[in-house]
Amino acid sequence: MVKLRIGYPEDPDYGERLAEFEARIARGEKIEPGDWMPAEYRRQLIRMISQHAHSEWVGMLPEGAWIPRAPSIRRKLILLAKVQDEAGHGQYLYHAAETLGITREEMVEALLSGRAKYSNIFNYPTLTWADVGIIGWLVDGMAIKNQTMLAQCSYGPYSRAMVRICAEETFHHKQGKEAVLLYAKGSRKQRQMVQDALNRWWWPTLMMAGPHDSDSPHTPLLLRWGIKTKTNDQVRQEFLNEHVPELLEAGLTIPDPHLRYDEKTGNWIHGPIPWDEFWKVINGEGPMNRHRLMARRRAHEEGRWVREALEAYAKRQLAQAAD
């Protein structure tokens, strides 16, 4: 007897169920874990949410390296809280992905084996303290543009997780902006340090929004099913229009000789993005790819005794409850 695969086109009721599913999304309803959904909707969500969770976990590493070297107790406390927030974001997102039928162990194994992707931006090194400020203002600024959109997505658990994440990311963005503006008005050495950080992080930040719409094969389906509500280029444009005037007002130079303001559209237009570098990094040849995975593997192994202790405790609690 052949087992019918629910959510796949061979299901005799697939067409009718798909029409009702898409009608619910058009009415603005959230899709919940127990609801019928196309298998491809589930697959795309698992891909996106787990990649997002991995990015939060790996994203702790570039800034976490600067916690012991923070220039003041205030900056150290802010950075500690920020890195702790990122760990929490990973937890929310792994939980959201688990509602789709994949286990935490499967997702972590995919990350540690190198099969899963995470945000390219975290494969770059943080060379000076100014990098921490630039990451907060620009990298988290681009992340907020994307995450605010995802807070409106059609899948309930992902949407609700993003609401709290966006609130915390807004704090990260503000503290980064405050630090960069301070250094931009500081000593000659501080201005040089923050300009150098901007030079190195500008293009990787623009790449965070993803390939141009014309080179993004997933985007049309993600928009149709309400997983995304804006395209990659729209998100990137929103980031440019907000951040370019503020960076220029701070007296910083944006490392794009082709950057210009289009008075007809009211948009800032960027020059050619170095996509060759994007694809090189995403395929594991970035400056920190190997180091990031090695760090996560080491942390996973060193935390094994904690997971085993928790499992033993849970078994003992169950046994005592059964007596």
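Contact here means heavy atoms within 4.5 Å. Helices (H or I, at least four residues) are DSSP runs, numbered from the N terminus.

The model is predicted: local features need pLDDT of at least 70, side-chain atom pairs count only at pLDDT 80 or more, and totals for chains, interfaces and linings use all residues. Residues are numbered from 1 along each chain as its sequence is written, and side-chain values use heavy atoms, with hydrogens and water left out.

**Helix pairs**

Two packed helices are described by the angle between their axes and the distance between the axes. Axes are lines fitted to C-alpha atoms, for helices over the stretch in contact, and angles run from 0 to 180 degrees between N-to-C directions. Angles under 35 degrees count as roughly parallel, and those over 145 as roughly antiparallel.

| Helix pair | Axis distance | Angle |
|---|---|---|
| H2 (residues 39–64) and H6 (residues 156–184) | within 13 Å | roughly 25° |
| H5 (residues 129–150) and H7 (residues 188–207) | 9 Å | about 30° |
| H7 and H9 (residues 232–249) | within 11 Å | roughly 160° |

At its angle, H7 is roughly antiparallel to H9. In this pair, Leu-198, Trp-202, Thr-205, Leu-206 and Met-207 of H7 meet Arg-236, Phe-239, Leu-240, Val-244 and Leu-247 of H9. The contact of H7 with H9 has eight nonpolar, one polar and one charged residues. In these classes, Ala, Val, Leu, Ile, Met, Phe, Trp, Tyr, Cys and Pro count as nonpolar, Asp, Glu, Lys and Arg as charged, and the others, Gly among them, as polar.

H5 and H7 are roughly parallel to each other, and their crossing is right-handed. A crossing is right-handed if the near helix is turned clockwise from the far one by less than a right angle, and left-handed if anticlockwise. On the H5 side the contact is made by Ala-130, Asp-131, Ile-134, Ile-135, Leu-138, Val-139 and Met-142. The H7 residues in this contact include Met-193, Val-194, Trp-201 and Trp-202. By class, the contact of H5 with H7 has 13 nonpolar, one polar and two charged residues.

H2 and H6 are also roughly parallel to each other, with a left-handed crossing. From H2 come Leu-45, Met-48, Ile-49, His-52 and Glu-56, and from H6 come Tyr-158, Met-162, Ile-165 and Glu-169. This contact of H2 with H6 has six nonpolar, one polar and two charged residues.

**Pockets**

On a 1 Å grid over the protein atoms alone, a pocket is an open set of points where a 1.4 Å probe fits, with protein on both sides within 12 Å along at least five of seven lines; lining residues have an atom within 4 Å of a point. Grid points are joined across faces, edges and corners, and a volume is the space filled by probe spheres set on the points.

The largest pocket has a volume of about 1100 Å³. It is lined by 45 residues, of which Gln-51, Asn-146, Met-208, Ala-209 and Gly-210 are the closest to its centre. H5 gives the most to this lining, with nine residues. The lining of the largest pocket has 22 nonpolar, 13 polar and 10 charged residues.

The second largest pocket holds about 530 Å³ of space. Of its 15 lining residues, Trp-57, Arg-104, Val-108, His-300 and Arg-307 are the closest to its centre. Helices H4 (104–112), H11 (289–302) and H12 (304–322) each supply at least two residues of this lining, and the largest share, six residues, comes from H4. By class, the lining of the second largest pocket divides into six nonpolar, three polar and six charged residues.

How values were computed:
Parallel < 35°, antiparallel > 145°, perpendicular 65-115°, else oblique.
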